[in-house]
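Colleague: Could you walk me through how the terms apply to this model?
Modeller: Gladly, have a look first.

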Amino acid sequence: MNKPLSKKMAAYTWYIYPIVAAVLGLIIAFMFSAFHQPSRHQVLSLFVSASLKDDSFTKTIKNHYEEEDLREFRVNASLPNSSGFTRKLNLYLTDSDFLLLDETPVNKYKDYSPTYFVPLDGTLKDLYAPANATYFAHGEHDYGIRMEDDCWLRDYFLLEDKTYYLFLSTSSKNLGALYDEKNEPYDNALTAIKLLLEGA
């Protein structure tokens with residue numbers, strides 16, 4: 001190989017090497033980040049029909065779980081009278097674990113309750129619901145659990161003067177055996193119900 005020619009080429013193409021190094025660094029960082037993303041079973045997602053004031057409560061709930069069991073608690077909120085509310089609600093009806101909704105959207109979607117909301121049978125109520133809970137009933141089933149006026153979550157949202165219900169979404173992958181018998185160990189959505197409604 002001709003050394004003078006190599007030096008001459010390096011003098012004219014030196015800027016390529018840092019660019020290649022930077023691109024390779026970004027690719028490695030992206031792949032590392034993608035590889036270490038939490039699985040769907042390690043994330044809980046809550047949608048609320050209100051305005052969010054503070055999401056620090058998510059850390060409080062996460063502290064009740066081992067890190068390998070729950071790595072992230074996401075909260076999304078939208079006011080029912082905002083222009084994008086219906087679009088967001090339609091998205092989170094099929095992509096969340098919980099929905100905390102006031103009476104207006106609940107009544108609008110009540111005929112679709114079996115499609116979007118998990119029915120709460122006696123066993124679920126006994127194991128996971130707060131004692132003396134009040135439920136949103138439609139047809140022959142109860143679907144949502146009423147959030148009491150003194151519920152700790154009220155401090156984190158700008159809630160209207162309405163009745164709110166917490167629903168389990170049928171799209172959740174954290175419903176234990178309710179989702180699938182092989183899914184039995186992944187029940188974070190069930191165990192988080194009391195934390196959300198009674199305090200963590």
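Modeller: A strand here is a DSSP run of E with at least two residues, and a helix is a run of H or I with at least four residues, both numbered from the N terminus. The model is predicted, so to speak with care, local features need pLDDT of at least 70 and side-chain atom pairs 80 or more, while totals for chains, interfaces and linings use all residues. Residues are numbered from 1 along each chain as its sequence is written, and side-chain values use heavy atoms, without hydrogens and water.

Colleague: What makes the largest cavity a cavity?
Modeller: On a 1 Å grid over the protein atoms alone, a cavity is a set of points where a 1.4 Å probe fits but cannot get out, and lining residues have an atom within 4 Å of a point. The volume, about 40 Å³, is the space filled by probe spheres set on points joined across faces, edges and corners. The search finds 1 cavity of 30 Å³ or more.

Colleague: Which residues line the largest cavity?
Modeller: The lining is F98, L120, Y143, I145, L166, F167, L168 and I193. β6 (141-146) and β8 (164-168) each give two or more residues, and β8 gives the most, with 3.

Colleague: Why is the lining called nonpolar?
Modeller: Leu, Ile, Phe and Tyr are among the types that count as nonpolar, so the lining has 8 nonpolar, no polar and no charged residues.

Colleague: What makes β5 (residues 135-138) and β6 a pair?
Modeller: Pairing needs at least two DSSP bridges; these antiparallel strands have 4, so they pair. F136 stands opposite G144 in β6.

Terms used
1 Å grid on protein atoms, 1.4 Å probe; cavity = no way out; pocket = protein on both sides within 12 Å on 5 of 7 lines; lining within 4 Å.
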